[in-house]
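Me: I'd like to learn how to read a protein model. Could you walk me through some features?

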Amino acid sequence: MIEELRKKLPAEEFDYLVLMDALKNYKKPRDKITQLLKTKSIIRVKKGIYIFGQKYRKGPVSLEVLANQIYGPSYISLEYALSYHGLIPERVQWVTSITSQKSKSFETPVGNFSYRHIHTGKYIVGVDDVQLDTYRFCLMASPEKAIADIIAPMTDMINKETVKEYLVDSMRIEPHELFQLSVKRAEEISKVYKNARVNYFLQFLKDSQ
């Protein structure tokens, strides 16, 4: 059964509806799911979200795909997005996302996921549909958006100099990496956010390019 299922599901991550559809030819598909879980052929990440067990994986599990699936609507942002884009040196322990729903966090068998609330009107701008491989995509903040999400609530950012100090000294983003960011995209984000800290970030980018 698992070999047949593996052929039908090319990705390592899948939800309940996809799993039920793949098992639709069985008389009692829910019983099959219970059996697959017992034998650890599949693993429940969260209610309704699954991955293949280690023995049956064709490749690594995508934390990015899971982050979008576990709680949504959401997009990956903040420190994890900056790490993914290669802007900060540290490997981030939590997969950090932004959501238009309530803030939440989840500890799962494959990793920890946190979600911070943002107003719906600020949600879409600056988010990309990133292709991870042949089958998998995820919603992720652009570098400009991830930085905006980080600094927007930080009231101690009082001008563009304090924003620069935080990004370079505290987050350890290389100045030349900052200088390559898109002013146009930062402007689009700033218009929607209407936030002093995000405006300071935009001013810094404009002055450095």
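Predicted model: local features only at pLDDT ≥ 70, side-chain atom pairs only at ≥ 80, totals over all residues.

Me: How many strands form the open sheet, and in what order?

Reply: For a sheet, look at who sits beside whom. Here 3 strands line up as β1-β3-β2, with antiparallel pairing. The edge strands, β1 (13-15) and β2 (42-46), each pair on one side only. On average, neighbouring strands are turned by 35 degrees against each other, ignoring direction.

Me: What joins β2 to β3?

Reply: Look for bridges. There are 4 of them between β2 and β3 (residues 49-52). For instance, Arg44 has Tyr50 in β3 as its bridge partner.

Me: Which strands does each helix lie across?

Reply: Check the strands a helix covers, then its angle. Helix α3 (residues 29-38) lies across β2 and β3, at about 95 degrees to β2. Helix α4 lies across β1, β2 and β3, and runs at about 15 degrees to β1.

Me: Is α4 mostly covered or mostly uncovered?

Reply: Count its buried residues. In α4 (residues 63-70), 6 of the 8 residues are buried, so the helix counts as mostly covered. Among them are Val65, Leu66 and Ile70.

Me: Why does Ala148 count as buried?

Reply: Compare its accessible area with the cut-off: buried means under 20% relative accessible area. Ala148 has 0%, so it is buried. This residue lies in helix α6 (residues 143-151).

Me: What does Ala148 touch beyond its sequence neighbours?

Reply: Leaving out residues up to four places away in sequence, Ala148 touches Ile189, Tyr193 and Val198. Also, the C-alpha atoms of Ala148 and Leu78 are separated by 8.4 Å, though the two are 70 residues apart along the chain.

How values were computed:
Residues numbered from 1 in each chain as written. Heavy atoms only, no water. Buried < 20%, exposed > 50% of the residue type's maximum accessible area, 1.4 Å probe, protein only. Helix = DSSP H or I, 4+ residues; strand = E, 2+ residues; numbered from the N terminus. Pairing = 2+ DSSP bridges. Axes fitted to C-alpha atoms, helices over the stretch in contact; angles between N-to-C directions. Contact = heavy atoms within 4.5 Å.
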